[in-house]
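Please look over the chain shown below.

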Amino acid sequence: EADGTGRGALEAFNAAEVHASDLTFFLDQEGLALRAGHHCTQPLHRLLGVPGSLRASCYLYNTEEEIEVLGKQIRETLQMFRDM
């Protein structure tokens, strides 16, 4: 919607089976720029019992195709870890 309802330019997430830094490393090899770490929210990570998270930042210049590629690469990289 035009008022921004339901939209977010920043997504922080993690995957239970893979450390955020490892996932970020492999996504970087695919040309995707994500950040891994605490993102100035270490108390929250501690409360949630997670060592950190990944962060993807999107903005007006990102295309729908780029977002789809991000999702596809995350799924494929997680599958690579499951297959190990």
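Where is Cys-40 found? Cys-40 is in the loop between β2 and α2. The model is predicted, so local features need pLDDT of at least 70 and side-chain atom pairs count only at pLDDT 80 or more, while totals for chains, interfaces and linings use all residues. Residues are numbered from 1 along each chain as its sequence is written, and side-chain values use heavy atoms, with hydrogens and water left out.

Most residues other than glycine have a negative phi. Cys-40, although not a glycine, has a positive phi of about 65°. His-39 lies in the loop between β2 (35-37) and α2, and its phi is positive too, at about 55°, again without being a glycine. As for accessibility, buried means under 20% relative accessible area, exposed over 50%, and partly exposed in between (1.4 Å probe, protein chains only). Cys-40 is exposed because its relative accessible area is 83%, whereas His-39 counts as partly exposed because its relative accessibility is 21%.

The protein as a whole has three helices and three strands. These are DSSP runs numbered from the N terminus (helices: H or I, at least four residues; strands: E, at least two). From the N terminus on, their order is β-α-β-α-β-α. The C-alpha trace spans about 40 × 30 × 15 Å along its principal axes. Of the 84 residues in the protein, 24% are buried.

The largest pocket holds about 210 Å³ of space. A pocket is an open set of points on a 1 Å grid over the protein atoms alone where a 1.4 Å probe fits, with protein on both sides within 12 Å along at least five of seven lines; lining residues have an atom within 4 Å of a point. Grid points are joined across faces, edges and corners, and the volume is the space filled by probe spheres set on the points. Two or more lining residues come from each of β3 (53-57) and α3 (64-83), and α3 gives the largest share, three residues. Among the lining residues are Leu-32, Ser-57, Asn-62, Glu-66 and Leu-70. By type, the lining divides into seven nonpolar, two polar and one charged.

Elsewhere, Leu-44, Leu-47 and Leu-48 make a nonpolar surface patch of about 350 Å². Such a patch joins nonpolar side chains (Val, Leu, Ile, Met, Phe, Trp, Tyr) within 5 Å, from residues with over 30% relative accessible area and no salt bridge. Leu-48 is found in helix α2 (residues 42-48) and counts as exposed because its relative accessibility is 56%.

Methods
Ala, Val, Leu, Ile, Met, Phe, Trp, Tyr, Cys and Pro count as nonpolar, Asp, Glu, Lys and Arg as charged, and the others, Gly among them, as polar. Patches are made of residues with over 30% relative accessible area and no salt bridge: like charges are joined within 9 Å, nonpolar side chains (Val, Leu, Ile, Met, Phe, Trp, Tyr) within 5 Å. Accessible areas come from the Shrake-Rupley method with a 1.4 Å probe; for residues, only the protein chains shown count as cover. A salt bridge is a side-chain nitrogen of Lys or Arg within 4 Å of a carboxyl oxygen of Asp or Glu.
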